[in-house]
Protein chains: 2
Amino acid sequence: MAELAAERTIARPSTPEDAEAFPKSERLFRVHDHGGTELHVPLRRVHLAGEPGHIDLYDTGGPRGIDPREGLPKPRAAWIRAREERGDSNFSQMHYARRGVVTEEMAFVAAREGCEPEFVRAEVAAGRAIIPANRKHPEIEPMIIGRNFAVKVNANIGNSAVTSSIEEEVEKLRWSTLWGADTVMDLSTGKDIHETREWIVRNSAVPIGTVPIYQCLEKVGGKIEDLDIDLFLETLEEQAEQGVDYFTIHAGVRLAYVPKTAQRLTGIVSRGGSIMAKWCLAHHRENFLYEHFERICELMKRYDVSFSLGDGLRPGSIFDANDESQFAELETLGELTQVAWKHDVQTMIEGPGHVPMNLIKENVTKQMELCSEAPFYTLGPLTTDIAPGYDHITSAIGAAQIGWYGTAMLCYVTPKEHLGLPNRDDVKAGVIAYKIAAHAADVAKGHPGAQAWDNALSRARFEFRWEDQFNLALDPVTARAYHDETLPADGAKTAHFCSMCGPHFCSMKITEDVRAAAAKEGISAEDALERGLAEKSKEFVETGGEIYRPVP
Amino acid sequence: MAELAAERTIARPSTPEDAEAFPKSERLFRVHDHGGTELHVPLRRVHLAGEPGHIDLYDTGGPRGIDPREGLPKPRAAWIRAREERGDSNFSQMHYARRGVVTEEMAFVAAREGCEPEFVRAEVAAGRAIIPANRKHPEIEPMIIGRNFAVKVNANIGNSAVTSSIEEEVEKLRWSTLWGADTVMDLSTGKDIHETREWIVRNSAVPIGTVPIYQCLEKVGGKIEDLDIDLFLETLEEQAEQGVDYFTIHAGVRLAYVPKTAQRLTGIVSRGGSIMAKWCLAHHRENFLYEHFERICELMKRYDVSFSLGDGLRPGSIFDANDESQFAELETLGELTQVAWKHDVQTMIEGPGHVPMNLIKENVTKQMELCSEAPFYTLGPLTTDIAPGYDHITSAIGAAQIGWYGTAMLCYVTPKEHLGLPNRDDVKAGVIAYKIAAHAADVAKGHPGAQAWDNALSRARFEFRWEDQFNLALDPVTARAYHDETLPADGAKTAHFCSMCGPHFCSMKITEDVRAAAAKEGISAEDALERGLAEKSKEFVETGGEIYRPVP
């Protein structure tokens, strides 16, 4: 990303974990002025031995090395207090945006994304982007989800009845944001849901999402038919007070759609969706979330919790992709988007799931049309069902494509999907696969600045700057370890050939020789080659004939 | 795939390695009659506890458990002998196809792919597909590469000057075909090139490809300028005699194109391409492979070695994708395809490399047009350059897409790409990622029968048939191991919930309950739901209210 002339930066404390994960990286705040308020916008600066000297990358890591019992600092506290003291009653970013106000959060994400604050305001006002930022979550370093910004990645964590503890979940939060998760969903369904969430929110600089119906179900002892809107609203309030930034709400699973799933190969695979479907059938009544949607909106805007309208009827196998029930629900989500927007409540739309490549684009086209361009947030999609154990890959294929087509955020899938609960390594594998998908999408969309990272790494590769290659990698430690497995000696890191081919067969080395021979003549390689005189070629043999040149 | 009524199968010996890799799989030959000749077509039958009882999968594994010093049996020997005794001089499958002959190889691949022999003949005659099968490689179980057949995967092996041994390379061959590699390229550049190749060919039931210029370069002690056409033809003959099935030949790197690479970020990254570019510059003469291309064709047809026309000027970074030099070379490859076809020499075209998603389709469109629909064979492409250590993923994203667009074979990329030499685990990771990409492409193309595998696995998942899920997986051992990490008890393999959600939150379990409640009434689930009477719903609560039902 381009640097400003008068840039001022502040160093951020770094932990041993950071230094190990990202050698030669420096974590910084770039200081931006927003009408007299200083905004401290995070970035990770990778220092290079060669051109362009350094490169600044988007940094999701947040404050690190802080005792989880203390919780993080609260950069938003003063901004929010001012709004509360004014007596605002709708705290939604969309509400401010529509009144022409550029909030601190908007200015912050503009600086973070490298665009104008006014552009951010306009996108939020139009509903094409959301800034999930509950006013009870002052620890956030604001971020934006919308298709005209960098594609984002969500990581799911959360304990379950079967396994895992609170400490593990906080550690997974830190770990996933270290590797680049832009938001984290706490999908806990086990015991201590409330306390787990409190720890997670207080230790998170990224927005936190939840699926409140899970806690409701725990409250009624698992008896789906005992759920009702009052319990639901009470639970929303409880979670909103804690600072949850977006809620997945399955208000589109209407009674009439449930029968449509009967002919499916894999029925209903969304947990929230199946709960609501069962409730609808048990009472033979319309989904209470749909019926009382405006009451939910009233609550959401008091906190600025964003909707993530759940796709309860998403396909659970490629066989079921793009079927009638899926798109019927999507149409309802479009209708609910209009209701939410009437209240200025920020809204994104969840999408599938399991979709073969040829059916992916239709999902985006329909979603944009039916939901008036509200941001799309998809799980994968998996493009085949034959590879349990590798669904981070089957789904990264779909995620990259759907991101390119316009999806704003990608919900990660780990190698353990369909099989078990992800551990630390699985979380990392999932986040990395999805950072690849999101970045590939940014590059394909021509998102400003995206390809600069690729170019810096490619240049380092071509110039045999091994250390720069490792340090620029999405995962430097793994890149270095793989190199060292073949060529462990330190000298190999300055070698002018790769371990894959050996010195005789290094194409980059040969190309370098070709260029060097031309440069020696004081002319550009291109000119030299185009003139291509016989005498030049003779001299080239004499001076550059030795392919392998000892490293100086 | 559909079974024939009068099917006859023969059991194949299985090794402990097979049994461990694919539990409940049986390796079989299905016997087909081809005008009185018995063809033994391999398949792997996965036996299931539930519907559809079993599923037959394409099997690349070949004869296993045979001492490598003995070599494999020679199913093609008699077919080839008959042709030789007739005094044929052009042994190319294309030659036979164009004369209206359905060879044993064509009948074999028709049975293997589930189509008519005549269709195979027509595709080969048109140049839209190739059957790489040197008459000196009688060990082959024939396969076909063309966009109207299943997308294929190639795995690269080969020692280098830096590391690895012959035994290791044979083991990599066996290992990569066990996991599904359809062809294997021996890219050895180290010592004992000839002997390594002999071992590989004699132990391979899949076609073997090579890049003969590597051995030529070893023969001249690494001095590129000493290469010439006589040495090249002599080397081709040597390798053709051994039984190599396809040769990568960089005849499209013309002198005039080399200057076009000077403005690239990463120059020339193909090893063969850079060798030929340097030769052109050193002599300031046209590429001798281009100039003497007809002499090469004469040799190819005597053996039926297929061309894999090398893309020596492929991009080595996404920055360089789809540039002038790349497409200039592609145009020449189209011209050479016509020359090859004049001699009835089977031909496929190699493609990139590193290409952002938005530029992938243009590669296929141009290739089909310029090369008259000769099969396309691409390396990846990688869709971003920021993730060394994960290039099996960055490239599987591109490979799946380019396969869907019409690429016939995908050359795998391992996690070690750009960093080091792949070991056993890397080879497996690369093959699995590419089987995913190829299968996702088959499904997206609507290739007949492709989705049956997905459906079988999805059905097993929905019905909580854990063992069937594992056994149907592309990698059963990994799937089972991931499951057991969370829920190791044997009982968990018959559990009616997944370890991810626990019993209360299992959407599939809930859906199953919904269906069961309806079925109890003796009506279909759909009818039950659509009638949706209040009394039914009341009863549903009474009978099916308990979400978790103990496993019988």
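These legends go with close-up views of a predicted model.

**View 1. The largest pocket draws its lining from chains A and B.** The pocket has a volume of about 690 Å³. Its lining counts 25 residues. Nearest the centre lie A:His392, A:Ala429, A:Tyr482, B:His392 and B:Tyr482. Three helices of chain A each give two or more residues to this lining: H15 (391-405), H16 (424-445) and H19 (476-486). Chain B does likewise with its own H15 (391-405), H16 (424-445) and H19 (476-486).

**View 2. The lining of the largest pocket, sorted by class.**

**View 3. Four strands of chain B form an open sheet.** Read across the sheet, the order is E1-E2-E3-E4, and the pairing is antiparallel. Which strands sit at the edges? They are E1 (9-11) and E4 (54-58) of chain B, and each of these pairs on one side only. From one strand to the next, the twist averages 40°.

**View 4. Strands E3 and E4 of chain B run antiparallel.** Strand E3 of chain B spans residues 37-47. Five bridges join E3 to E4 in chain B. Look for B:Leu43, which stands opposite B:Tyr58 of E4 in chain B.

Methods: Residues numbered from 1 in each chain as written. Chains lettered and ligands numbered in written order. Predicted model: local features only at pLDDT ≥ 70, side-chain atom pairs only at ≥ 80, totals over all residues. Heavy atoms only, no water. 1 Å grid on protein atoms, 1.4 Å probe; cavity = no way out; pocket = protein on both sides within 12 Å on 5 of 7 lines; lining within 4 Å. Points joined across faces, edges and corners; volume = space filled by probe spheres on them. Nonpolar A, V, L, I, M, F, W, Y, C, P; charged D, E, K, R; others polar. Pairing = 2+ DSSP bridges. Axes fitted to C-alpha atoms, helices over the stretch in contact; angles between N-to-C directions.
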